[in-house]
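Here are some notes for a colleague who has the sequence and the model open side by side. Each numbered point takes up one part of the fold.

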Amino acid sequence: MERVAVVGAGPVGLTAALELARFEIPTIVLEAKPALEPIGSRAIVLARHALATFRGLGCEEIPRKGVVLSRARTYLGETELFTVEFPPARDGQLPAFVNLQQTHTEQALLRQAEETGLIEIRWDSAVRSVRQTDRKVILGVRGRRGNEELNASFAIAADGAHSAVRELIGVDFPGKSFRDRFLIADVRAELPGFPRDERRFFFDPPSNPGRQVLVHPQPDGEWRIDWQVSPETDVDAERESGALDGRIRALTGDAPYEVVWLTAYRFHQRLASRFRVGRVFLAGDAAHLMAPFGARGLNSGVQDASKLASTLAAVLTGAAPGSLLDSYERERRAAARENLRVTGATMRFMAPPNAAHRVWRNVILHGSLRVPRLRRFVNSGKLAPDGVTIGSAR
């Protein structure tokens, strides 16, 4: 059987390759990086549907290692607005979601991919050209073997936000970027008064006035801390000035801590104009970018991979006509539009784009202290796959 080419060895690309392997369809996975980079929490919230997918692919350690939350608390300043309790999973069921550093997810998927015998992974292999015929895709690749051309029946572009394949096939990626930046750190420490099964969200805390702080527990004694910061914030300057230490000490007190990972970046909302060009398909961040609040990025990318793999398998095995391929863009682009609508509203609440929005947001926040029913506007986001509310402005 002809193989499928997958460009990108991140969670979405590896999920697609593993799903295709379940149908005995071989893949070649091309990754421009020289090796897996086990750094940073990045996309940490994995929803039940993604956990079920990973378990079905043989990656039982992903749901097993993740932290299951019991509750989420939301504060305005130092005053608690409300608490959301998460019901425990029933016997035999997966939790609604877990917190797990993306590096663990990638390592588990990679180990499973290496064991299948149907997935060839080539590191340090950058796609430089894409050509198509009626029957195949021809990828020009520059890698450790020099320049070569690789043929495949179809190609899946799961090569991230700066997708080389998306650019090579001429697909636009319109959208916007948010002005404020977020400083994000994985910190190994004991946080006094912070239970290991509890997520906390702070609006306008004393340590970050006018902005937000989000604290997530992670495995291995780590905490994921997100600070909303000014657009000019620089990671190196934060370290050198002692500002980063001050931010962390506001949570740890005098307890020792270790910064495991640190980054600062802007969030983006973008949607590819097409998810399919002939025999080439876009998935994950190559197809859509969204702010992480609400955990819709990686989780929707896993859904992209599962849908696309099953569709390609049905066509390649002769179980369905080629016309079925159109269903991928129709279904997954509609899902991406809905996710972008929700995350866009969330970000407008968290980071108001103008003075009028800021005044409205502050009225809602401070009014919720006195009028409980206003809290539903604060607690406005959902973890989409299971409809589980996971906190304010989520």
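1. Strand S13 and strand S14 (residues 212-217) pair in the antiparallel sense, and four bridges link them. Within this pairing, Phe201 stands opposite Leu214 in S14. Please keep in mind throughout that the model is a predicted one.

2. S13 also pairs with strand S4 (residues 71-76), here in the parallel sense and over six bridges, and in this pairing Ala72 is the residue that stands opposite Arg199 in S13.

3. How many of the six residues of strand S13 are buried? Six of the six residues in S13 (residues 198-203) are buried, so the strand is largely enclosed by the rest of the structure. Burial is found on both faces of S13, with Glu198, Arg200 and Phe202 on one side and Arg199, Phe201 and Phe203 on the other. The cut-off behind the word "buried" is a relative accessible area under 20%.

4. A further part of the model is an open sheet of six strands with mixed pairing, whose order is S7-S2-S1-S11-S18-S17. Strand S7 (119-122) and strand S17 (276-277) stand at its edges, and because each has a single partner strand, one side of each is left without a neighbour in the sheet. The pairing of S7 with strand S2 (residues 27-30) is parallel and runs over four bridges, with Thr27 standing opposite Ile119 in S7.

5. Two helices can be described against this sheet. Helix H1 (residues 11-22) lies across strand S1 (4-7), S2, S7 and strand S11 (154-157), and runs at about 155 degrees to S7. Helix H8 (residues 297-316) packs on the sheet as well, where it touches S1, S11 and strand S18 (280-282), and its direction makes about 180 degrees with that of S11.

6. H8 also meets helix H9 (residues 326-350): the axes of the two helices come within 10 Å and cross at roughly 170 degrees. Since angles over 145 degrees count as roughly antiparallel, H8 is roughly antiparallel to H9. In this contact, Ser300, Gln303, Asp304, Lys307, Leu308 and Thr311 in H8 meet Ser327, Tyr328, Glu331, Arg332 and Asn339 in H9. By residue class, the contact of H8 with H9 is made up of two nonpolar, five polar and four charged residues.

7. Ser125 is placed in the loop between S7 and strand S8 (126-132), and with a relative accessible area of 6% this serine is buried. A polar atom of the Ser125 side chain lies 3.1 Å from the backbone oxygen of Trp123. Apart from neighbours within four places in sequence, Ser125 is in contact with Leu30, Glu31, Ala32, Val141, Arg142 and Gly143.

8. Is Ile138 buried or exposed? Ile138, which is found in strand S9 (residues 137-143), counts as buried because its relative accessibility is 5%. Not counting residues up to four places away in sequence, Ile138 touches Ser129, Val130, Arg131, Thr133, Glu149, Leu150 and Asn151. Ile138 and Ala152 are 14 residues apart in sequence, and their C-alpha atoms are 6.7 Å apart in space.

Conventions
Residues are numbered from 1 along each chain as its sequence is written. This is a predicted model: local features need pLDDT of at least 70, side-chain atom pairs count only at pLDDT 80 or more; totals for chains, interfaces and linings use all residues. Side-chain values use heavy atoms; hydrogens and water are left out. Two strands pair if DSSP finds at least two bridges between them. Contact means heavy atoms within 4.5 Å. Axes are lines fitted to C-alpha atoms, for helices over the stretch in contact, and angles run from 0 to 180 degrees between N-to-C directions. Buried means under 20% relative accessible area, exposed over 50%, partly exposed in between (1.4 Å probe, protein chains only). Angles under 35 degrees count as roughly parallel, over 145 as roughly antiparallel, 65 to 115 as roughly perpendicular and the rest as oblique. Ala, Val, Leu, Ile, Met, Phe, Trp, Tyr, Cys and Pro count as nonpolar, Asp, Glu, Lys and Arg as charged, and the others, Gly among them, as polar. A polar contact is a pair of N or O atoms within 3.5 Å; within protein, one must be able to donate a hydrogen and the other to accept it, and residues adjacent in sequence count only if both atoms are side-chain atoms.
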